[in-house]
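Keep the structure open beside you as you read.

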Amino acid sequence: MMLTVYLLIMVSVLTVLAGFASLNGIKAKKALGLSVFAFSLVLTFFLFFLMPQAARAQGGDNPASSSAFLAAALSTGLATIGAGYAVGAVGSSALGAVSEDPKILGKTLIYVGLAEGIAIYGLIISIMILGRV
């Protein structure tokens with residue numbers, strides 16, 4: 001667990017150094033990309049090696065329950081990220097369309113509502129997974 005804390009501190013230091021490097025003339029996108037890549041490596045390590053151990057301690061003797069907790073968290077989290085992206089894309093397009101023709105406001109709200117439904121589907125799947133544990 002301490003290794004993860006040290007890795008996260010190192011990634012945050014990399015992010016700060018990337019900010020200073022962009023001030024010194026190094027490309028900001030390259031420095032930020034390196035920082036995001038390092039953070040994703042630490043997050044992957046945490047999800048696949050440390051998180052199942054913590055969930056197994058919570059779930060008791062059944063090893064499948066630790067995977068169920070992880071699956072429920074991932075289904076909700078990824079569905080929420082997808083819904084946020086969809087609402088951003090659909091909402092900006094809807095705003096542009098409504099600014100040209102205010103009569104289509106109701107139609108655009110339907111599309112934004114469909115995009116928000118993605119997060120609800122992820123939450124329902126999480127509840128179904130946790131109901132079986």
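**A tour of the chain**

Starting at the N terminus, the elements of the chain follow the order α-α-α-α. That gives four helices and zero strands, where helices (H or I, at least four residues) and strands (E, at least two) are DSSP runs numbered from the N terminus. Please keep in mind that this is a predicted model, in which local features need pLDDT of at least 70, side-chain atom pairs count only at pLDDT 80 or more, and totals for chains, interfaces and linings use all residues. Residues are numbered from 1 along each chain as its sequence is written, and side-chain values use heavy atoms, with hydrogens and water left out.

Of the chain's 133 residues, 21% count as buried; buried means under 20% relative accessible area, exposed means over 50%, and partly exposed is in between (1.4 Å probe, protein chains only). The chain exposes about 9,600 Å², with carbon and sulfur atoms supplying 75% of that area. Such accessible areas come from the Shrake-Rupley method with a 1.4 Å probe, and for residues only the protein chains shown count as cover. Looking at contacts (heavy atoms within 4.5 Å) between residues at least 6 apart in sequence, 62% join residues at least 24 apart.

Now turn to helix α4, which covers residues 105-132.

Which residues of α4 are buried? They are T108, V112, A115, G117, G122 and S126.

Not counting residues up to four places away in sequence, T108 touches A94 and V98. Further along α4 is S126, which counts as buried because its relative accessibility is 5%. Leaving aside neighbours within four places in sequence, S126 is in contact with A72, S75 and T76. The side chains of S126 and T76 are also joined by a polar contact of 2.3 Å; that term means a pair of N or O atoms within 3.5 Å where, within protein, one must be able to donate a hydrogen and the other to accept it, and residues adjacent in sequence count only if both atoms are side-chain atoms.

I127 also has its place in helix α4, yet I127 is exposed, with a relative accessible area of 55%. The C-alpha atoms of I127 and A72 are separated by 7.5 Å, although these residues are 55 apart along the chain.

A71 lies in helix α3 (residues 63-100) and is partly exposed at a relative accessible area of 32%. From C-alpha to C-alpha, A71 and L130 are 9.2 Å apart in space and 59 residues apart in sequence. V13, in helix α1 (residues 2-23), counts as partly exposed at 43% relative accessibility. The C-alpha atoms of V13 and S35, 22 residues apart along the chain, are separated by 9.2 Å.
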